[in-house]
Amino acid sequence: MIDFENLQKTNKSFFPEYLSSFRETMESGWYILGNNVSTFEKAFAEKVGVKHCIGVASGLDALTISLVALGLPANSEVLVPSNTYIATILAILHAKLVPVLVEPEKETYNIDPGKIEPAITSRTSAILPVHLYGKSCRMDKIMQIAVKHGLKVVEDCAQSHGATLDGRQTGSFGDFGAFSFYPTKNLGALGDAGAITTNDPELAEKVISLRNYGSKIKYYNDVVGFNSRLDEMQAGFLSIKLRSLERINDHKRSLAALYTQGLDDRYIKPVSEANFFDVYHIYNVRHDDRDNLREYLLGNGIKTEVHYPLSPHRQKAMKGIFEGEYPISDEIHRTTLSLPIAFSTTHDEVKFVIEVMNSYLTSR
Ligand SMILES: *Cc1c(COP(=O)(O)O)cnc(C)c1O
């Protein structure tokens, strides 16, 4: 059986270092907002190439707190891709803002800059691009539009640790970058964790307060805050894994190259442009008979996933929130299939997946 992801295998090479970090943290007697968190924050800010990083409890919280810290007018509109993971939209709703869906480019799955300007109204306050599957959005164009219209930008970097555009890291373009360290992400913890990046010292101060009950001095509260702190255990593990992020991304990129070269061109494969460094959190293909193909692969011992089966605007939880049609999003959700590309996936496994994928086309 070829797993889609096997977290035990993915993390195994880190276990010895994790164990000594665990012991150190346990014996320190200090478990919340201590040295491990500040050490990780410093290292991650350096990696992203920004002045500030603030650890929080999850990717969803990173997005929500970023939006709250911007102090956008209540019920103002935030532009977000129509095919994103639901968490991006939940964050906008939790921040008491209005999500407005913008269709993605069919080739990159990322928000289409050409469709952003037509969606801007007098109520628009921000753009929330999502670097989906580990590919940077066209941030050069998006930042130009944002500056022109006076809009704030929060980047959803939950799938894009280490991805760059023109050598610049995702999470360093907008007012904020919001990261998730959910265990399956390219930089994954052993539980929930997240972080916010920014170059703005005032915004950083706001986030530091918001994550800790809206308080800077213990028991004195300035704003209505959250309890959303990265904990010392996870920060210790993350500092260790961060040192291997490039190795993790390189491995995933080498698997992606095998897929792109080996898979029949009748599958719609990810595209890449010279100035984009993609980190393949997900390697997806699109195919009309996605569900049959998925069955066939499973029959041959290959586990796959679908990111995602249902468009956000069709989710029960979103009833009454969106009007209009989002045909590109629907088409992506109907046809997309994610192939194994974990840190634990081997080159031989990918070669077998390619063989079975190509044999599917001749088997029908
Ligand atoms: C994983 C993910 C999130 C949410 O992160 P959590 O840490 O699970 O809260 C948000 N946006 C995208 C695009 C994601 O993939």
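**Ground rules**

I am working with a predicted model, where local features need pLDDT of at least 70, side-chain atom pairs count only at pLDDT 80 or more, and totals for chains, interfaces and linings use all residues. I number residues from 1 along each chain as its sequence is written, and side-chain values use heavy atoms, with hydrogens and water left out.

**Entry 1: the sheet**

I took helices (H or I, at least four residues) and strands (E, at least two) as DSSP runs, numbered from the N terminus. I call two strands paired if DSSP finds at least two bridges between them.

In what order do the strands of the open sheet lie? I read 1-9-8-5-4-2-3 for its 7 strands, and the pairing is mixed. Strand 1 (52-56) and strand 3 (98-102) each have a single partner strand and stand at the edges, so one side of each has no neighbour in the sheet. On average, neighbouring strands are turned by 25 degrees against each other, direction ignored.

I then looked at one pair in detail. Strand 5 (residues 152-156) and strand 8 (residues 176-180) run parallel and are joined by 3 bridges. Glu155 has Gly177 of strand 8 as its bridge partner.

**Entry 2: helices on the sheet**

For angles I used axes, which are lines fitted to C-alpha atoms (for helices over the stretch in contact), and the angles run from 0 to 180 degrees between N-to-C directions. Contact here means heavy atoms within 4.5 Å.

Helix 6 (residues 139-149) packs on the sheet and touches strand 4 (124-127) and strand 5. The direction of helix 6 makes about 155 degrees with that of strand 5. I also found helix 7 (residues 201-210) lying across strand 1, strand 8 and strand 9 (194-198), at about 15 degrees to strand 1.

**Entry 3: helix against helix**

I checked helix 3 (residues 35-48) against helix 8 (residues 232-242): they pack at an angle of about 35 degrees, with axes 8 Å apart. Their crossing is left-handed, a term for a near helix turned anticlockwise from the far one by less than a right angle.

Which residues make the contact? On the helix 3 side I noted several, including Val37, Phe40, Ala43 and Phe44. On the helix 8 side, Ala235, Leu238 and Leu242 are among them. By class, I have 7 nonpolar, 5 polar and 2 charged residues in this contact. In that scheme Ala, Val, Leu, Ile, Met, Phe, Trp, Tyr, Cys and Pro are nonpolar, Asp, Glu, Lys and Arg are charged, and the others, Gly among them, are polar.

**Entry 4: salt bridges**

I count a salt bridge when a side-chain nitrogen of Lys or Arg is within 4 Å of a carboxyl oxygen of Asp or Glu. By this rule I get 17 salt bridges. For exposure, buried means under 20% relative accessible area, exposed over 50%, and partly exposed in between (1.4 Å probe, protein chains only).

Arg211 and Glu41 meet in a salt bridge at 2.8 Å, N to O. Arg211 sits in the loop between helix 7 and strand 10 (215-217) and Glu41 in helix 3, so the pair ties together parts 170 residues apart in sequence. Arg211 is buried at 7%, and Glu41 is buried at 12%.

Arg138 and Glu105 meet in a salt bridge at 2.8 Å, N to O. Arg138 is buried at 17%, and Glu105 is buried at 13%. I also see Glu105, Arg138 and Glu273 linked in a network of salt bridges.

Is Asp288, which pairs with Arg334, buried or exposed? Asp288 is exposed at 57%, while Arg334 is partly exposed at 40%. Their closest N and O atoms are 2.8 Å apart.

**Entry 5: two single residues**

Asn300 is in the loop between helix 10 (290-299) and helix 11 (327-335). I have Asn300 as partly exposed at 32%, touching Phe352 and Val356, not counting residues up to four places away in sequence.

Thr260 is in helix 9 (residues 245-262) and is partly exposed at 34%. With the neighbours up to four places away left out, Thr260 touches Lys269 and Tyr283.
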